[in-house]
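Here is a short tour of a protein model, written for someone new to reading structures. Have the sequence and the 3D view open as you go.

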Amino acid sequence: METNTEIKRKRIFSGVQPSGVLTIGNYLGAIKNWVTLQDDYECIYCVVDMHAITVRQTPADLRRRTLEGLALYIACGIDPQKSTMFVQSHVPAHAELSWVLSCNTMFGELSRMTQFKDKSQKHADNINAGLFTYPVLMAADILLYQTDVVPVGIDQKQHIEIARDIAERFNGVYGDTFVIPEPYISKTGMKITSLTDPTKKMSKSDPNPNSYIQIIETRDETIKKVKRAVTDSGSEVKFEEGKDGICNLMNIYSAFTGKSYDDIEKEFEGKGYGDFKLAVGETCADKLQPVRDEFARLSADKAYLEGIMKEGADRAAYLARKTLSKVYRKVGFYAKPQ
Ligand code: TRP
């Protein structure tokens with residue numbers, strides 16, 4: 001119950017696209033922190049299906065992954081009693097605010113977004129307008145909920161910056177409307193890279209499945225992939241320049257065990273890469289096992305998941321509507337007669 005004496009908790013918003021399997025990069029870089037943050041913040045976590053269609057999707061897969069995304073949030077420890085979880089396309093205010101914000105965003109600033117440049121290169125046959133205005137929709141996601149803090153991986157920092165710029169510009173022109181959001185980039189697991197090319201980010205859209213560890217896969221698959229991970233020709237487990245592969249595995253191991261680089265170097269002193277890789281693979285699989293079990297249990301209970309989905313959307317829509325009404329008033333839209 002809300003009382004006057006209750007201190008208003010700061011609000012968190014974040015989201016992941018249901019565009020592919022989720023990897024330990026998503027888990028360590030984002031979702032694991034979301035779980036911790038639930039106790040101190042009012043958290044809203046979204047499955048951003050509207051962002052996903054900026055790249056061509058198979059409709060049946062997108063639909064299935066959306067429900068799986070929600071199941072995975074819960075399996076990872078997001079508690080529906082504490083946090084709001086919902087699907088972006090269930091709350092029309094995201095698209096509506098996105099339009100207004102796009103009229104307050106400059107062509108030039110969108111052209112400078114590195115993700116746009118990367119994705120247009122990767123999908124040269126489908127450089128659609130949605131790919132270009134992607135950051136505006138993301139700004140709408142964040143600003144609709146008067147979000148204070150946005151926990152994301154380092155690759156999303158530029159998108160938070162543009163959301164702040166858009167909010168500041170809008171507030172400057174129309175008067176105070178939006179809270180200016182802060183990025184929160186987690187220290188551990190912030191740069192989990194590909195197992196097959198450790199100079200690249202681990203990505204769920206990489207065509208080579210050996211390049212990533214999925215949150216949901218078998219123990220054997222995880223262990224096998226880590227065993228095959230690309231490492232340099234040396235033999236010492238040491239965190240140093242030029243050893244991208246080993247550094248990446250050390251980051252993964254550290255994120256799952258809480259051990260420092262020093263601890264890890266000592267633990268594997270005099271042992272080879274083989275021993276280290278086995279330990280990383282096994283630890284990773286062991287730590288993920290409870291999530292994997294819970295995901296399997298939840299997946300069998302569609303009615304429960306849909307209940308959470310509906311409740312989340314209702315609550316999100318209520319909060320979003322408040323901001324959207326304010327925005328419509330500020331820009332001069334005539335209020336629909338009641
Ligand atoms: N762009 C984010 C990503 O690809 C996903 C996202 C969409 C998001 N809207 C958001 C993250 C709002 C944080 C807040 O990872």
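The largest nonpolar core has 54 residues, and those that touch the most other members are Ile24, Tyr45, Tyr73, Ile252 and Phe276. A nonpolar core here is a set of buried Ala, Val, Leu, Ile, Met, Phe, Trp, Tyr and Cys residues joined through side-chain atoms within 4.5 Å. Buried means under 20% relative accessible area, exposed means over 50%, and partly exposed is in between, using a 1.4 Å probe and protein chains only. This is a predicted model, in which local features need pLDDT of at least 70 and side-chain atom pairs count only at pLDDT 80 or more, while totals for chains, interfaces and linings use all residues. Residues are numbered from 1 along each chain as its sequence is written, and side-chain values use heavy atoms, with hydrogens and water left out.

**The nonpolar cores**

- Helices (H or I, at least four residues) and strands (E, at least two) are DSSP runs, numbered from the N terminus.
- H12 gives the most to this core, with nine residues.
- Not counting residues up to four places away in sequence, Ile252 touches Ile24, Leu28, Ile192, Leu195, Val280 and Cys284. Contact means heavy atoms within 4.5 Å.
- A second, separate core has 39 residues, including Leu97, Tyr134, Val150 and Ala320.

- Which residues of helix H4 (residues 93–102) are buried? They are Ala93, His94, Leu97, Ser98, Val100 and Leu101. These residues cover an arc of only 165° around the axis, which puts them on the same side of H4. The arc is that of the directions from the helix axis to the C-beta atoms.
- The cover over the buried residues of H4 includes strand S1 (11–16), strand S3 (84–87), helix H7 (129–144), helix H8 (157–174) and helix H13 (302–331).
- Ser98 has its place in helix H4, and it counts as buried because its relative accessibility is 14%. Leaving aside neighbours within four places in sequence, Ser98 is in contact with Val136, Leu137 and Ala140.
- In H9, the buried residues are Thr222, Ile223, Lys225 and Val226. Seen down the axis of H9, they fall within an arc of 165°, so they line one face of the helix. The buried residues of H9 pack against H10 and H12.

**The largest pocket**

- The largest pocket has a volume of about 1400 Å³. On a 1 Å grid over the protein atoms alone, a pocket is an open set of points with protein on both sides within 12 Å along at least five of seven lines, whereas a cavity is a set of points where a 1.4 Å probe fits but cannot get out; lining residues have an atom within 4 Å of a point. Grid points are joined across faces, edges and corners, and a volume is the space filled by probe spheres set on the points.
- Of the 49 residues that line this pocket, Gln115, Asp155, Gln156, Lys201 and Lys204 are the closest to its centre.
- The largest share of the pocket lining, six residues, comes from H6.
- The pocket lining divides into 17 nonpolar, 21 polar and eleven charged residues. Ala, Val, Leu, Ile, Met, Phe, Trp, Tyr, Cys and Pro count as nonpolar, Asp, Glu, Lys and Arg as charged, and the others, Gly among them, as polar.
- Lys201 is found in the loop between strand S5 (182–185) and helix H9 (219–227). Not counting residues up to four places away in sequence, Lys201 touches Asp155, Ile192, Thr193 and Ser194.

**The largest cavity**

- The count comes to one cavity of 30 Å³ or more, and the largest cavity has a volume of about 50 Å³.
- The residues lining the largest cavity are Met113, Gln115, Phe116, Lys119, Leu131, Tyr134, Pro135 and His159. The elements that give two or more residues to this lining are H6 and H7.
- The cavity lining divides into five nonpolar residues, two polar and one charged.

- Gln146 lies in the loop between H7 and S4. Gln146 has a positive phi of about 50° although it is not a glycine, and at 19% relative accessibility it counts as buried.
- Gly234 lies in the loop between H9 and H10 and, at 32% relative accessibility, counts as partly exposed.
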